[in-house]
Amino acid sequence: MFWFYAERILGYWPVLLKGLGMTLGLSLLSLLIGAAIGFAFGIIRAGGNRWLSRALGLYIDLFRGTPFLVQVFIVFFILPAAGIELSAFAAGVVALSNLAACFIGEIVAAGLKAVPQGQREAALASGMTPAQQMRLVLMPQAVRIVTPSLVGQFVLLIKDSSVVSAIGLLDLTRSGWMIVQSVPQGLMVFGTVGLGYFIICYPLILLSRRLERRGQDALL
Amino acid sequence: MLGGLNTRVMLEYLPEIWQGFLSTLWLSAAGFLGAMALGVLACALAIQPLRWLRAPAVAYVDVIRATPLLAQLYFLYFGLPRLGIVLPEMLIGIIALSLNSGAYMAEIIRSGILSIPRGQVEAGMSTGLGYMQRMRLIVLPQALRATVSPVIGQTIVLVKDSSLLSLISVVELTRAGQRIAIDRFMPVEGLVATALGYLVLYYALKSAAGAWSARNALPGRG
C-alpha cells in the first residue's frame, strides 16, 4: 500500500521539481530586491531625519502588522483596480520583496545603531563626509552584525513564499496541493513537500546559528 | 485608489467582520495556549540531560522551523482523515497553529534560560539548593522575565498566521473580508476591513510589549 502510493507520488516528480524551482526562484529574486530596498530603508530608519524615519516606520508597521496572505491578496486584487495587471508570479515577487524590505530595513537599522558611537565620531574627526562614514566605517561593521539575522530572514522568506500558492502560483506547496487531488495521501504528499522545504531551509538555519556563534566569539 | 472606498458596504458588513475578528481572537488565544504548553514541554525536554528524550524535542523544533506553516496545515488537513481521524477544520487549524508556534516558543524559553549566567547556578549549588529549587528560585524568575517580550513577538506572528486557516475554509477575519469581495465583488473594501482588524491586534500587542519592557526591564539586559 505504502509503496503503491509512494510510487504514484514520485511519478509526479516533474511537478514537484518545477514547484521547488519556483519556490527557490521566487524567494531568491525577492531576497535580492528586498535586500536592496531594505538596506536603503535601514539607513533612513537609523539616520538623522526624524520625520522621514517615522513615516517609514509607519509604512513598515503596516506590513509587519498584517498577515502576508492579506498582502498577497491586496497586490493581486487591488493593484489591477488601479490599472496595474500582474501575473501571479509578479504579484508574488512584489508582495514578497516588499515584506523582505520591511523586515530587512528594521534589521539593518538595528545593526547600524549597534555600531559604537565612537566609530562615527572618529570617522567624523578624520574629516569623512556622511556618505563616506556610512560606506567606509558604519556599514561594513553593521553588515557583520546583521549577517546571521539576514540568513534567518531568508529562511522566513522561503517559508512565506508558500503563501503565494493561494493565488495559484505553482510553487512547491501548490504542487503538493495539486498532487493530493489525485493521490489522496495527505501525509505522504505533504511529507514530501515538507522534505523539499527542509532540505533548503535546514542548512540555512544551521548556517545562521553558526554565524551567530562566530559573531559572539568575535565580540569576546 | 482608496478615495473610491465604499464605506457604506463596509458598514453593512460590519457584523460579519466583527464576528471574524472575534474568531481570529479566540483561534489565536487557543493557539497561544497550545503553543505555550508545547513550548514549555519541548524546552524542558531539550535542556534535560537524557539524550533519548532530548532528540525528539530537538527534531520537533528543527522540523517545524524548516518548513512553512501552510505545508504543515495541509499535511494535517489532507493527512489526518486518511488515518481515520476526522476533525472539524477549526480544530485542525488550532492544532497546526499550536504545533507551529510551539517550536518557536520552545526556542524563546530555552534562550531565556540559557541567558542566565552560569555563575548564578553555581552560586545556587554552593548554597545547597537542589535542581528544582535552583530552577524555581533563581533561573526561572529571571528567564521568564527575559522571555515576555519575545513571546509577545511570537504571538503577533501567531495572530497573523491564523489568517492561513481561511485557506482550509475556517471562517475568521480574512475569510470574513472575502465575503464582501465575493458577495459584492468589492475586493478592496473586504481587504481594507480585514487589514484594519489585524492592525488593531498588532498595535495592541506591540504596545503591550513596549509597556511591559519599559516597566520590567532587567538592568543591563534587554
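Residues are numbered from 1 along each chain as written, and chains are lettered from A in the order in which they are written. Because the model is predicted, local features need pLDDT of at least 70 and side-chain atom pairs count only at pLDDT 80 or more, while totals for chains, interfaces and linings use all residues.

User: What pattern does chain B follow along the sequence?
Analyst: Helices (H or I, at least four residues) and strands (E, at least two) are DSSP runs, numbered from the N terminus. Chain B has nine helices and zero strands. Read along the sequence, the pattern of chain B is α-α-α-α-α-α-α-α-α.

User: What percentage of the residues in chain B is buried?
Analyst: A residue counts as buried if 20 or more other C-beta atoms, placed from the backbone, lie within 10 Å of its own. The C-alpha atoms of chain B fill a box of roughly 70 × 45 × 25 Å along the principal axes. Of the 222 residues in chain B, the buried share is 40%.

User: Which residues of chain A does UniProt assign to the feature "domain: ABC transmembrane type-1"?
Analyst: UniProt positions follow the numbering used here, with shortened feature names, and annotations may be inferred rather than shown by experiment. The annotated span of chain A is 83% helix and 0% strand, with its end C-alpha atoms 22 Å apart. The unreviewed UniProt entry places the feature at residues 20-208.

User: Which helix gives the most to the side of chain B that touches chain A?
Analyst: Two residues are in contact if their C-beta atoms, placed from the backbone, lie within 7 Å. The contact takes 29 residues from chain B and 33 residues from chain A. On the chain B side, the elements giving two or more residues are H3 (51-65), H4 (69-79) and H9 (187-216). With nine residues, the one that gives the most is H9(B).

User: How are H6(A) and H7(A) oriented to each other?
Analyst: The axes of H6 (residues 117-125) and H7 (residues 130-160) of chain A come within 10 Å and cross at roughly 160°. Axes are lines fitted to C-alpha atoms, for helices over the stretch in contact, and angles run from 0 to 180 degrees between N-to-C directions. Angles over 145 degrees count as roughly antiparallel. H6(A) and H7(A) are therefore roughly antiparallel.

User: Which residues of H7(A) make the contact with H6(A)?
Analyst: H6(A) contributes A:Gln119, A:Arg120, A:Ala123 and A:Leu124. The residues from H7(A) are A:Gln133, A:Val137, A:Leu138 and A:Gln141.

Conventions: Parallel < 35°, antiparallel > 145°, perpendicular 65-115°, else oblique. Buried ≥ 20, exposed ≤ 12 C-beta atoms within 10 Å, placed from the backbone.
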